[in-house]
Amino acid sequence: MVNLFDEIFGEPVADPNEATREAMRARRRRFYATATVRETEGAFAVELDGRPVRTPARRLLAFPTLPLAELAATEWQSQGEFIDPANLPLTRLANTIIDAVVDAHAEVAADVARYLASDLLFYRAEGPERLVARQNSEWDPILAWAQEAHGARFVLAQGVVFVTQPEAAVAAIRQLIPASPWRLGAVHVITTLTGSALIALALAEQAIKPDDAWAAAHVDENWNQELWGRDDGAVARRALRRTEFDAAISVLRLAPEAA
């Protein structure tokens with residue numbers, strides 16, 4: 001089983017196309033009948049036919065709450081004849097949190113904070129008017145939340161020329177970066193998927209709904225698709241990213257806020 005899980009959950013691949021190819025190459029025939037959950041030392045571990053699942057670093061695949069562990073067990077139980085890593089998004093996220101975020105909290109938090117200096121929501125199109133209006137409609141409510149709830153007023157710019165943000169605004173929102181490694185891992189995933197720490201932190205604070213956040217993250221992409229037509233490859237990559245996004249949302253919804 002050790003070699004099997006090493007093959008299934010190898011190093012993450014940055015390119016979505018290559019990730020899909022790696023997932024297909026990693027497919028292994030299902031070797032278990034039942035996925036269950038067992039409480040152990042204050043956590044909840046996923047087991048396959050009574051045997052614990054291990055992360056790539058050989059740590060126990062265990063979750064901080066029973067509902068999260070049950071969701072992960074459902075992923076495993078739902079596998080067909082072959083194990084498809086693309087259909088195990090919560091397990092993959094848990095692997096990352098357990099093997100990486102737990103031991104590098106400061107570094108991961110700093111990476112989220114870096115996005116606040118050049119967040120997606122700050123840079124607006126100069127035209128056409130319909131795109132500008134759509135960006136305003138999707139993005140301004142999130143900026144209004146930052147200002148009204150946390151006193152963080154950010155500076156907007158047109159185009160891609162970098163604009164320096166007020167230190168006080170960045171510091172105010174930086175305080176929202178979670179202390180819990182599970183919630184931090186989820187926020188980091190959402191930040192990298194959307195290009196916006198503000199979107200991720202607004203989700204963590206339940207200031208916006210997941211579907212609204214996903215729409216806000218894809219304003220420009222949706223506009224281009226409407227203008228130039230559907231790209232099946234892009235649609236498939238976006239669907240894969242959405243499963244990762246939804247797994248992170250599950251962690252934000254079900255993981256405790258305490259570290």
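Trainee: Is Glu-47 buried or exposed?
Mentor: Glu-47 is buried, at a relative accessible area of 8%. Buried means under 20% relative accessible area, exposed means over 50%, and partly exposed lies in between (1.4 Å probe, protein chains only). This is a predicted model, in which local features need pLDDT of at least 70, side-chain atom pairs count only at pLDDT 80 or more, and totals for chains, interfaces and linings use all residues. Residues are numbered from 1 along each chain as its sequence is written, and side-chain values use heavy atoms, with hydrogens and water left out.

Trainee: Which side chain meets Glu-47 in a salt bridge?
Mentor: That of Arg-38, with an N to O distance of 2.5 Å. A salt bridge here is a side-chain nitrogen of Lys or Arg within 4 Å of a carboxyl oxygen of Asp or Glu. Arg-38 itself is partly exposed, at 37% relative accessibility.

Trainee: How many salt bridges does the structure hold?
Mentor: It holds eleven. One of them joins Asp-111 and Arg-114, whose closest N and O atoms are 3.1 Å apart.

Trainee: Where do Asp-111 and Arg-114 sit?
Mentor: Both are in helix H5 (residues 105-115), and because they are three residues apart, about one helical turn separates them. Helices are DSSP runs (H or I, at least four residues), numbered from the N terminus. Asp-111 is partly exposed at 21%, whereas Arg-114 is exposed at 52%.

Trainee: What about Asp-211 and Arg-242?
Mentor: Their side chains form a salt bridge at 2.8 Å, N to O. The pair links distant parts of the chain, 31 residues apart: Asp-211 lies in helix H10 (residues 210-217) and Arg-242 in helix H12 (residues 232-254).

Technical notes: Helices (H or I, at least four residues) and strands (E, at least two) are DSSP runs, numbered from the N terminus.
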